[in-house]
Amino acid sequence: MGEAVYFRHNISWRSAIPPSELVTVVQARAWGGNVIWVDARPDEEFARDHVPGAVSLNEDRWNELLPQFLAVWSPGKKVVVYCSAESCDLAREVAERLRKEAQIPDVLVLEGGWEAWLKKNR
C-alpha cells in the first residue's frame, strides 16, 4: 500500500505528497479570491465547520459533488484541497482525481489540513 519515506528523522508509511503540491495556510490565504477551497472530509465534518466559502468534494459523493465544484471553478483559479490533519490522505486523493479525471491544473493540498487552518485562524 504505502511506501516508507524518510523525512528528517521520521518515517512516514503513507504516500508522500511532493512539496511542489503542498501549500501553507498563509500562502493560500495570500491568494485571496483567486483560491477555491475544497473540503475533502466526510459530509458530517463539513457540516460542522469548514473554511469559509469552501466547497465540499469527497470520495463518498464524488460523482454527485463534482458538478458543484466545476460550477465555481474557472481557469486561472488555484484549488486548495484539505482534510482533517497532516496524517489524512483524503485531500491527496481528491487532489489527484481533480488533476487526472477533471484535468484541473493548479491543485494543491493544504499542509496540515483543517487543524492547520484552525491554528492560524483562532
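A residue is called buried when its relative accessible area is under 20%, exposed when that area is over 50%, and partly exposed in between, as judged with a 1.4 Å probe on protein chains only. The structure discussed here is a predicted model, in which local features need pLDDT of at least 70 and side-chain atom pairs count only at pLDDT 80 or more, while totals for chains, interfaces and linings use all residues. Residues are numbered from 1 along each chain as its sequence is written, and side-chain values use heavy atoms, with hydrogens and water left out.

Cysteine 83 counts as buried because its relative accessibility is 2%. Cysteine 88, at 15%, is likewise counted as buried. These two cysteines are joined by a disulfide, with an S to S distance of 2.3 Å; a disulfide is defined as a pair of cysteine sulfur atoms within 2.5 Å. The angle about the S-S bond is -135°, and the link of cysteine 83 and cysteine 88 is left-handed. A search of the whole structure finds one disulfide.

The helices and strands come next. Both are DSSP runs numbered from the N terminus, helices being H or I over at least four residues and strands being E over at least two. Helix α4 comprises residues 90-100, and within it Ala91, Arg92, Val94, Ala95 and Leu98 are buried. Seen down the axis of α4, the buried residues fall within an arc of 165°, so they line one face of the helix; the arc is taken over the directions from the helix axis to the C-beta atoms. Among the elements that cover these buried residues are β4 (35-39), α3, β6 (78-82) and β7 (107-110).

In soluble globular proteins, nonpolar side chains tend to be buried together. A nonpolar core is a set of buried Ala, Val, Leu, Ile, Met, Phe, Trp, Tyr and Cys residues joined through side-chain atoms within 4.5 Å. The largest such core has 21 residues, of which Val38, Leu57, Phe69, Val79, Val81, Val94 and Leu98 touch the most other members. At least two residues of this core come from each of β4, α3, β6, α4 and β7. Another core, of 15 residues, lies apart from it and includes Val23, Val25, Val80 and Leu108.

Serine 56 lies in strand β5, residues 55-56, and is buried, with a relative accessible area of 10%. Leaving aside residues up to four places away in sequence, serine 56 touches Asp39, Asp43, Phe46 and Leu65, where contact means heavy atoms within 4.5 Å.
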